[in-house]
Amino acid sequence: MLNIEIDGRQLQAEEGEMLIEVADRAGIYIPRFCYHKHLSVAANCRMCLVEVEKAPKPLPACATPVTDGMKVFSRSELAMDAQKGTMEFLLINHPLDCPICDQGGECELQDLAVGYGGDRSRYTEEKRVVRDPDLGPLVATEMTRCIHCTRCVRFGQEISGIREMGATGRGEHTTIGTYVQHAIGSELSGNIIDLCPVGALTSKPFKFAARSWEMADVASVAPHDCAGSSIRIQTLRGKVERVLPLENNDINETWLSDRDRFSYTAVNSGERLTVPRIRKKGEWQETDWATALQSVADGLLQNVAKQGADKLAGIISPTSTLEEFYLFQKLLRGLGSNNIDHRLKLADSRDDGRWASAPALGMPIKELESLDFVLLIGCNLRKEQPILNHRLRKAVLAGADVAVINPYDYEFNYPLSVRAVSSPSGMLQSVANIIRLLSDKLGHDVPEDVIPWMDPTRINQQHRALADRFADRNSKSALILGQLAWLHEEGAILRSMAKTLADMAGVSLGFLPEANGVAAWQAGCTPFSEQDKGLSVADMDAAEIKTWLLFGVEPELDAAHGGQLLAALNDADIVVAITAFASAGESYADVQLPAAMFAENAGTFVNCEGAAQTLSAATTPPGDAREGWKILRALAGYLDLPGFDFDTVSAIAAAVDAAGAPSPGYGMGSLSGYAKTEHAGGENLERIRDSLIYRGDAILRRCEPLQRTTDNPPPAARINPQQASRLGLEQDAKVKLMVDETSVETPVVLDQRVPEGCVFLPIGYLETAALPGSASVRLVRS
Amino acid sequence: MNQVLSQSVRDAITRELQKYPAEQQQSAVMAALRFVQEENNWISREAMDAIAEVLGLQPIQVYEVATFYSMYRLQPGGKHQINVCTNVSCMLCGSSEVISHLQDRLGIETGQTTADGRFSLNEVECLGACGGAPMLQLDRDYHENLTPETLDALLEGLD
């Protein structure tokens, strides 16, 4: 510990700390533009100049390490003079356009100009004008305002991992931009808006919408991924205008993914449903709540009486709240059905009996940073969970190594030590081969149930490298299964093998749940019950379900087996859709009940580490739309179900037994009884299913700015170029994809990242939604 | 591997890389830009992207360096580059006469290239040869103590 003095205050500091860090901790404000606590020190704005005793000239506080006995004066004449001088230079080229600048009112330059700027300018020459680059649909630019702090440049280099912005030119001709016109593709790009101390980079969807000081500000949680980033929702006269990150060092630090930052745009979507609607003779008719609820209740009761409760099923979106989950399952169970699920991405439910508790990360999110080795199986972490990926990236920069076993060669923003890319069935073989190598290494017997999937002739260098890494008991390792593992047609086998491997290696096994999935488990929104197990989402299509209750979902787009569910929904007697959007389920629903969505409803969000946080309502739902829990409570009243007398969300939360943090409770089980699938080859390609970052739920699909990013390509069947030439297909050729009798048409995109023998066809596209989920599809030119 | 860079440029980059530690490939970026310019007379966007690929950098990192230094030519120019110093010493010793003589003779302004593509005329900052002011740099060589006669002789000797 060192002792220093700043402005006469005695302070303690660590060796190696910079002056500005010590001052910040003590609450002594030193003005700055380029310094940011999560970025490297650039010391190029010179705003933080302070006087240090015995130093001949002012020193930048952000780049001056503390020394014992140092005496610092941040507001002495010398320091103030230096700061004022810097300010005068910065303002020389800065336009005086604060009245039309979105940053106005929350601008660091504006604030400091009040404190350090002169009241008139001595500069009479011409100001610099800079041409604006187009950075895509999210970030607006006005580069004439730029003061060259380079925070956005350093963010690209250090945090997002792709350096897209740069400082080109020299001296007065320096400009910040991409040099070559292109939209920035980072999934964290919105953060440069927050980082920019001036109005050079602002939010495009928020452009000219409101002033920072006139908006109301509510702390909440982002619902689209399993991190549950802390956010601030800002509203003006009841309209959600903006979402900003709320600093939370356990989860998102000061960052926010673009998905969480811009998903609010769907709240103001023109597709919102504002009144209950009933379909009569094929026509949608608007009605009032009493009529709608009565008709739903009558329909549900009649059908259950006629066909039995086992022909009733309910699917709820994993972005719902704990309270909504609880009432949803309580309502369905009250009607006698256990066919309840939220696991839309689950393709293979054969291992349902093995879950002792919610699938979860199995460690605090923060701890990802301290791992030495991580194997990701079926996981495009960067786009699935941008905030978790950032933690893992930090681990890699600190020396950790990350390996993947994936069905598509995803681009990561850090180097991977092993990149094992193979077909979905090849992934099973890879894990099995690693188990074999590891059991040899550790002197264990080769687990017999895994043997059918092993192929010693196909053991490669990657398998050996991974087995070696797992054999190293001195490193802190983890095995994490991502979204592609849920979407894997033989996911049960993959999970079982991953469990075997993790246990054998003695490492932590984690799963990435869908959004608020942990809360769904805690609230019982799964088919499991003590007496009887109902149907998982993956099995509902085959059970001739005639009565459906949908909550915030579009199963044809959200689910791994969307095609089957679409057919079942089209064939159903009654489909009740509780939804925020009129277009959700419009083609097959019989009743639509208008629901509140994120930013309009309160509740509890439990993230993948088990931390429960409170979602707050920042505004009220439009028109007659109501919070989900109120709709479910009212419907239960019409159904005469007991136990729904809740007046507040907190009363519901109290009713949910959320005892303790959930740990990944995946039990050991044998693979005997599971058959190994053979793949036909030829025109039959293995299907790789993914759910792309901005197509993952009903809200995201209605976020217009996100839909226009480069991460949202048009629907296409991606195949390997070699494969394509063997099949006689060229880029953009129209093909027919067939599963049994159903077929869809889509263009082909040649993509080196797809392994041979496979077709990469994500879910979430209306154009291809009718195609049933299956292990393989036939692909022919149409 | 990309086709934009010639084999000889790629070989030269490989040799240059041996001067730096393995994780410091970025250090070779200035030399790589120079190799390309020496061979092609200028540096295209494609060539910068190719250098980024070879050195494992993001393209923007190459653009930054290339745009920072005025001696990297990012537009095609004349076969011969005439860089006339107009800083203090040269200005006092008559660099403006040098410029106007060259402008008359070549029929172009500074910053332009002759129609036959032979000469580009540039005004540059101090080249550190004040002892021989006024001076210019013709391609890689310095020519000092210039007069209209020596300038004519100089240009006549070129193809």
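Between chain A and chain B the count is 1 salt bridge, a term that stands for a side-chain nitrogen of Lys or Arg within 4 Å of a carboxyl oxygen of Asp or Glu. This salt bridge is formed by the side chains of R163(A) and E64(B), with a distance of 2.8 Å from N to O. The model is a predicted one, in which local features need pLDDT of at least 70 and side-chain atom pairs count only at pLDDT 80 or more, while totals for chains, interfaces and linings use all residues. Residues are numbered from 1 along each chain as its sequence is written, chains are lettered from A in the order in which they are written, and side-chain values use heavy atoms, with hydrogens and water left out.

The size of an interface is often given as the accessible area lost when the parts come together. Here the area buried between chain A and chain B (the accessible area, with a 1.4 Å probe, that two parts lose on being put together, summed over both) is about 1,100 Å², and carbon and sulfur atoms give 57% of this area. Of the area that chain A buries against chain B, 53% is supplied by R163(A), R170(A) and Y179(A), more than by any other three residues. In terms of contact, defined by heavy atoms within 4.5 Å, 16 residues of chain A meet 11 residues of chain B.

Over all chains, the count comes to 54 salt bridges. One of them joins E369(A) to R391(A), whose closest N and O atoms are 2.5 Å apart. Because E369(A) lies in the loop between β16 (340–341) and β17 (373–377) of chain A and R391(A) in helix α10 (residues 386–397) of chain A, the pair ties together parts that are 22 residues apart in sequence; helices (H or I, at least four residues) and strands (E, at least two) are DSSP runs, numbered from the N terminus. R391(A) counts as buried at 2% relative accessibility, whereas E369(A) is partly exposed at 27%, where buried means under 20% relative accessible area, exposed over 50% and partly exposed in between (1.4 Å probe, protein chains only).

A further salt bridge links K441(A) and D468(A), with the closest N and O atoms 2.6 Å apart. K441(A) belongs to helix α11 (residues 424–442) of chain A and D468(A) to helix α12 (residues 461–471) of chain A, so this pair ties together parts 27 residues apart in sequence. K441(A) is partly exposed, with a relative accessible area of 46%, and D468(A) is partly exposed as well, with 40%.
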